[in-house]
Amino acid sequence: MYQTLTFLHSTFRWLVLLSLLYSIFRAYKGYFSNKEFSNTDNSVRHWTATIAHIQLVLGITLYSQSPIFKYFWTLFNEAKESFDLLFFGLIHIFLMLFSIILITIGSSISKRKTIDKEKFKTMLIYFAIALLIIFIAIPWPFSPLANRPYFR
């Protein structure tokens, strides 16, 4: 089960990134072109948040099943000395949780705005900040924090 969850979580990140990039692109374009916030824009906003929440569920499930996390919490004082274990035991999950909270808040506020330009602006700001945090918290192969392959 652990390997399946690792594969799903690693692969699903691409869908999260693509949906966020597309949402940010639409928000940017809509904001600076003074476009109407269409049903498509609303669907993109909604599905981006939904995809992020699915990834969160996969991540929390993986977190609860991972031997790395079990070791980290069982032997916390020793494990915190290893930055790789610290990254996956605390940093990754808290940064990702924070980014999902930003996506959720941005989606919710955007949905409730009455002016189209404000909807686009809210989506653009919250989703872009969340994307930046996600880029930092993903263990890219080139990351100085922790690295994993592009696909597992």
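Analyst: One begins with what counts as a helix: here helices and strands are DSSP runs, a helix having at least four residues and a strand at least two. The model is a predicted one. Its secondary structure comes to six helices and zero strands, and the order along the sequence is α-α-α-α-α-α. The C-alpha trace spans about 55 × 25 × 25 Å along its principal axes.

User: Which residues does the UniProt annotation "transmembrane region" cover?

Analyst: According to the unreviewed UniProt entry, that annotation covers residues 6-25, 46-65, 85-103 and 124-142. Two of these spans may be set against the model. Residues 6-25 are 100% helix and 0% strand, with 29 Å between the end C-alpha atoms. Residues 85-103 are likewise 100% helix and 0% strand, and their end C-alpha atoms lie 26 Å apart.

User: At what angle do the axes of H2 and H5 cross, and what is the handedness of the crossing?

Analyst: The axes of H2 and H5 cross at roughly 155 degrees and come within 10 Å. That angle makes H2 roughly antiparallel to H5. The crossing of H2 and H5 is left-handed.

User: How does one look for empty space inside such a model?

Analyst: Rolling a probe the size of a water molecule over the atoms shows where empty space is left. Here the count comes to one cavity of 30 Å³ or more, and the largest cavity has a volume of about 550 Å³. It is lined by 29 residues, of which His 9, Leu 62, Phe 88, His 92 and Pro 139 are the closest to its centre. The elements that give two or more residues to this lining are helix H1 (2-32), helix H2 (39-65), helix H3 (67-74) and helix H5 (83-112).

User: How do the residues of the lining of the largest cavity divide into nonpolar, polar and charged?

Analyst: The lining of the largest cavity has 18 nonpolar, eight polar and three charged residues.

Conventions. Residues numbered from 1 in each chain as written. Predicted model: local features only at pLDDT ≥ 70, side-chain atom pairs only at ≥ 80, totals over all residues. Heavy atoms only, no water. UniProt positions renumbered as here; feature names shortened; annotations may be inferred. 1 Å grid on protein atoms, 1.4 Å probe; cavity = no way out; pocket = protein on both sides within 12 Å on 5 of 7 lines; lining within 4 Å. Points joined across faces, edges and corners; volume = space filled by probe spheres on them. Nonpolar A, V, L, I, M, F, W, Y, C, P; charged D, E, K, R; others polar. Axes fitted to C-alpha atoms, helices over the stretch in contact; angles between N-to-C directions. Parallel < 35°, antiparallel > 145°, perpendicular 65-115°, else oblique. Left-handed = near helix turned anticlockwise from the far one by under 90°.
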